[in-house]
Amino acid sequence: MLTQDRYPTDEQLLNRIIQRDLRSFEMFYDKHAEVVYGLILHIVQDHALADEILQETFLQVWGQAESISHETEVAAWLYHVARQRSLDALRWTLRNSQQRTSLQDRICQQARSPLTTNTPYDFPSQLLVDFTDKSLQNQRQTVCKTFQAMSEDQRVSLSLTYFAGMTAQEIANYVNLSANWVKTLITDGIERLNAVAPALRQEQKEPA
Amino acid sequence: MTRANETKHQEIEALLPAYVLGALDQEESLLVESYIQQQRDFLAKLEKLDHKASQLAYVTQPVAPPPNIRRSVLMIARLDAPAEAEREISTYTISSAIQPFGYHGNNGHNGGPNGSNGHSANNGHAAEPAVTYAIMPYRPQQTERTAPKVAQVVRQRRLTLRLWQIAAVTALIALLIMAAVGLLLNRQLDRALEQVDLKDGKFDALLATNSQLLVEKEELQKSEQSLLSQNQTISSQQQQLSQQVTQAQHQVQVMTTADSSYQLNTRNGTEAARAGVYVTGNVAALFATGLPLLPSDKTFQLWFVDNSGRSVPVAVFTTQLDETNVWREFSLSRSAGNLQLVAISIEPIGGSVTPSDYILQSEVK
């Protein structure tokens, strides 16, 4: 098993994936599958559908690795694709407004509840890389603490737009706030996340 | 930059975080996108904002996917590896990123990562030089979800392989069924041949029986013919006997009802020949027995001798070889009247006028 200090970065893995290195693709899957699957499952709440979306997401990485810009953060691109596929699937599965309201209620309730950021997460032992107590785990805990420190309205606004695909106006109608205030909450929330986000590659190359 | 432009720039920039998350409505999105066409520095800002927003993925609890998904993804990737040339390489460009989107159930234009070939319908900047921007804000897809091309290729290959497998299994099953049917037909043919042999034996036996019956039939027909001939013989004999009986009855009646009768014997009375003559009216009946055999040139002749001693020839007659008892009836030209005697002589053929010698004669009255 590789240790974290010897483990290649996402960019290195992506370059090897472009060269059709299956081993690197396997390592890339092992590194991100749990977070991506958790994100998908959080949105669609259906294991069979989540399985399908997870498979399609990683096969898109394998099939379109060359299309990912060198300036793009690979993990961000991966989560972005997973979120878009999940929201598309969710939109097709929600047949009526009652189901949609139920989804919004669930997202809202989860946003209001305290996050279980301290819950230890055991990665499967058969993976190629030891992720325990590594940067990904630390990054997640930092983001969760930042998110937990936000106001309830801000958490709800960010969650409903990110996990349910709602517009500011729809969120405003749902939580009884003004649309401009929701946009402000979203903008501020993104900025607060910026404080804990790792630096982009171009920022690492050219520090401000 | 004028003050008005600077204000607009700030307003648009403030909308970028919500735009990245897809939280703007259609009108605001179009406003941002049209402005991005003019301010290329916004692209880098969008990139950063999307990177920040992606941190929200960590808010969810990581969940280990089923192991079979890992195997499936890796297997499909391995299957796809040789088909590298088929991979569709596409980049997301600013021209596709800022196209007017189908927004929450509108006209269905798509701009997601899966649909990178959209055309700008409003701003006319579709021909702008491509500026790479890998991540686009979320826009709901109005079309059916489709599997990645890699998965489609792999599924097609799997389908082809499965079709071949189904065809092979079907052919194998067909062969097995044909073999089983062949064996069954062979057994039935053997049974039928055995039955045919058995029936042949029975047929041969029946033919033999038939031949025997035909022989028996011929024998029976012969017996029948023999019986018929015997029957005819018996019938003829019966008829003869009947005629003989009738004749005997007639003779008895003639003998018993005759007006006069004469018993004829040999002269010395020692010969076995005897005769009787019965006269009724104009008919004279002769019954004789033990008459001698005559040469071919001789005949018997019956004589009446009247009271004057004159011999009157009555009739001539011959006898057959096997005729032991002789019965003859003769018509008389006139009534016999009283006779002295009645006699039978042997004369030449045709008779004589005068008797030569009597071999039988009655007593003289």
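## Confidence in the model

Chain B has an average pLDDT of 78, and 78% of its residues score at least 70; pLDDT is the predictor's confidence in each residue, on a scale from 0 to 100. This is a predicted model, in which local features need pLDDT of at least 70 and side-chain atom pairs count only at pLDDT 80 or more, while totals for chains, interfaces and linings use all residues. Residues are numbered from 1 along each chain as its sequence is written, chains are lettered from A and ligands numbered from 1 in the order in which they are written, and side-chain values use heavy atoms, with hydrogens and water left out.

A contact here means heavy atoms within 4.5 Å. For the complex, the predictor gives an ipTM of 0.83 and a pTM of 0.51.

## Chain B overall

Chain B contains six helices and eight strands. From the N terminus, its elements run α-α-α-α-α-α-β-β-β-β-β-β-β-β. Helices (H or I, at least four residues) and strands (E, at least two) are DSSP runs, numbered from the N terminus.

Of the 365 residues of chain B, 34% are buried. Buried means under 20% relative accessible area, exposed means over 50%, and partly exposed lies in between (1.4 Å probe, protein chains only). The accessible surface of chain B is about 21,800 Å², and 55% of that surface belongs to carbon and sulfur atoms. Accessible areas come from the Shrake-Rupley method with a 1.4 Å probe; for residues, only the protein chains shown count as cover. Among the contacts in chain B between residues at least 6 apart in sequence, 64% join residues at least 24 apart.

## A nonpolar patch on chain B

Val169(B), Ile173(B), Ile177(B), Val181(B) and Leu185(B) make a nonpolar surface patch of about 430 Å². Patches consist of residues with over 30% relative accessible area and no salt bridge; like charges are joined within 9 Å, and nonpolar side chains (Val, Leu, Ile, Met, Phe, Trp, Tyr) within 5 Å. Val169(B) belongs to helix α6 (residues 149-257) of chain B. Val169(B) counts as partly exposed because its relative accessibility is 47%.

## Helix α7 of chain A

Helix α7 of chain A covers residues 152-163, which makes twelve residues, and reaches 16 Å from its first C-alpha to its last, close to the 16 Å expected at 1.5 Å a residue. The expected span is 1.5 Å times one less than the number of residues in the helix.

α7(A) is mostly covered, with ten of its twelve residues buried. Among the buried residues of α7(A) are Gln154(A), Arg155(A), Leu158(A), Tyr162(A) and Phe163(A). Gly165(A) follows α7(A) and has a positive phi, near 70°.

## Salt bridges

Over all chains, the count comes to nine salt bridges, a salt bridge being a side-chain nitrogen of Lys or Arg within 4 Å of a carboxyl oxygen of Asp or Glu. One of them joins the side chains of Asp10(A) and Lys31(A) at 3.0 Å, N to O. Asp10(A) lies in helix α1 (residues 10-18) of chain A and Lys31(A) in helix α2 of chain A, so the pair ties together parts that are 21 residues apart in sequence. Both Asp10(A) and Lys31(A) are buried.

The side chains of Glu26(A) and Arg70(B) also meet in a salt bridge, at 3.0 Å, N to O. This pair crosses between chains, from Glu26(A) in helix α2 of chain A to Arg70(B) in helix α4 (residues 67-80) of chain B. Glu26(A) is buried, with a relative accessible area of 16%, and Arg70(B) counts as buried at 15% relative accessibility. A network of salt bridges links Glu26(A), Asp30(A) and Arg70(B).

## Ser24 in helix α2 of chain A

Ser24(A) is part of helix α2 (residues 22-44) of chain A. Ser24(A) counts as buried because its relative accessibility is 1%. Leaving out residues up to four places away in sequence, Ser24(A) touches Leu13(A), Arg16(A) and Ile17(A).
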